[in-house]
Amino acid sequence: MKIFDSHLPDAVEDSRWMRRALRIAAKGYTAPNPMVGCCIVKDGVLVGEGYHTLAGKPHAEAEALSAAGDKAKGATAYVTLEPCSHWGRTPPCADALCTAAVKRVVVATLDSNPKVSGQGLDRIKDAGISVRAGVMESQARKLNEAFFHFHEKKSPFFILKSAVTLDGKTATRTGDSRWITGERSRAFVHQLRAKCSAVMVGIGTLLADDPKLTSRIARRKSPKQPLRIVLDSHLRTPLSSRAVQEARLEPVSAPLLIVTTTHASKEAEHLLFGDGVEILRLESGSDGKVPLKALEEELFQRQIISVLVEGGGTLNAALVEAGMADKILTFIAPKIISGSDAPTSFEGVGIAAMADAIHLNSMAVRRFDQDILIEAYL
């Protein structure tokens, strides 16, 4: 996006404060809303800051303006995303900035949501306030990559997360997988779950590991769990599974969506449905499996911005084959378990020729104690 401004900006100062706004924005657990941070600066001094903490709570601009009080008049507001111009669960932030009589508004990027998409900045400029856009735009889009993908591609952002040993195994030949990675890696995954709209596994993973699929972070940070999704074409999900029991205990905050086919047992549906458990039936293809593209459209209609996939190699391979995988997160632990029958993170038929291998891009590497995290995009 081309940077525009009505007068010459101080580029160094703008980058400095936008960097701070991005840092505090990342504290939020806002799905399906974007993470947004705001800093109010007057005469080079920070007079107020805030970030969007949870969906439905005050937006970043409102928090920052409240902290700044009368000092906001004549100040510069640094916002990581274009201020909203419409009423949702909170008032328009563009109007709040105008009412506060700030002198200048600097934003990192425009909002892809068609309800905003330039209208927020237009409203601010119409009020005679100087505007600059495009400061640290790539960092801002990276922070909210799922949000931008959802509105621009009209599809949820699918993240395929795996934990493997150095020899590429996700479990031993007996199916034991606890634990491949260390505590810091697992803590990171729980934060990631809390930031995503949904967590998804296949029935194979549910039967093998009996996961809760919840985020175990402090409830004061993220009281609402992601939607938990299980793909189960024949409704084999046990009533005694921890995912079902968690839904029974927390039907509002920890809902469970079991996606099945029209051929699944009506009796099994009757037993599972209710008290936090929803059954979604989709028409299967000739393979009898849950139709992934139909599921993708259903999740988009439900405003599911991002899906963290924590299934096994079969589901991962199917999502890649369907063209639905957007991002790969693979933890590699310095362990070797070997075994030709031990599962891997991508299975299925596989590719015959190395020349046809799927290439990933924009790779980044992080370290969590002894574990290595590789992040890449398809």
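**Around helix 12**

Mentor: Let's start with helix 12. Its buried residues are covered by, among others, strand 6 (157–165), strand 7 (198–202), strand 8 (227–231), helix 11 (292–301) and strand 11 (306–309). Keep in mind that this is a predicted model.

Trainee: Which residues of helix 12 (residues 313–321) are buried?

Mentor: An α-helix has 3.6 residues a turn, so residues three or four places apart point the same way. With that in mind, look along helix 12 in the viewer. The buried ones are Gly-313, Leu-315, Asn-316, Ala-317, Leu-319 and Val-320.

Trainee: Let me zoom out. How many helices and strands are there in the protein?

Mentor: The protein has 12 helices and 14 strands. Its radius of gyration is 23 Å, close to the 21 Å that the globule rule gives for 378 residues, so the protein is as compact as a globular protein of that length. The C-alpha atoms fill a box of roughly 65 × 45 × 35 Å along the principal axes. So, back to your count: 12 helices and 14 strands.

Trainee: What share of the residues counts as buried?

Mentor: Buried here means under 20% relative accessible area. Apply that to the 378 residues of the protein and you get 51%.

Trainee: Which residues have the most contacts inside the largest nonpolar core?

Mentor: In soluble globular proteins, nonpolar side chains tend to be buried together. The largest nonpolar core here has 36 residues. A second, separate core of 25 residues includes Ile-40, Ala-94, Val-107 and Phe-148. In the largest one, the residues you want are Leu-235, Leu-256, Ile-258, Leu-272, Val-277 and Phe-331.

Trainee: Why is the pair of Phe-188 and Phe-331 edge-to-face?

Mentor: Both Phe-188 and Phe-331 are buried. Phe-188 sits in helix 7 (residues 183–195) and Phe-331 in strand 12 (residues 327–333), 143 residues apart. Planes over 60 degrees apart count as edge-to-face. The ring centres are 6.2 Å apart, and the pair is edge-to-face because the planes are at 70°.

Trainee: Which residues do ring pairs link into a cluster?

Mentor: The protein has 5 aromatic pairs in total. Phe-331 is in contact with Phe-188 and Phe-368, among others. The cluster is Phe-188, Phe-331 and Phe-368.

Trainee: Which residue lies over the face of Tyr-29?

Mentor: There are a couple of these to look at. Arg-141 lies over the face of Phe-148, at 4.3 Å from the ring centre. For Tyr-29, at 4.3 Å from the ring centre, it's Lys-195.

Trainee: Is Leu-235 buried or exposed?

Mentor: Leu-235 has a positive phi of about 50° although it is not a glycine, and its place is the loop between strand 8 and helix 9 (242–249). Asp-43, also not a glycine, has a positive phi of about 55° but counts as exposed, at 74% relative accessibility. Leu-235 has a relative accessible area of 6%, so it is buried.

Technical notes: Residues numbered from 1 in each chain as written. Predicted model: local features only at pLDDT ≥ 70, side-chain atom pairs only at ≥ 80, totals over all residues. Heavy atoms only, no water. Core = buried A, V, L, I, M, F, W, Y, C linked by side-chain atoms within 4.5 Å. Buried < 20%, exposed > 50% of the residue type's maximum accessible area, 1.4 Å probe, protein only. Contact = heavy atoms within 4.5 Å. Phe/Tyr/Trp six-rings, centres within 6.5 Å; stacked < 30°, edge-to-face > 60°. Helix = DSSP H or I, 4+ residues; strand = E, 2+ residues; numbered from the N terminus. Lys NZ or Arg CZ within 6 Å of the ring centre and 35° of its normal. Rg over C-alpha atoms; globule rule 2.2 N^0.38 Å.
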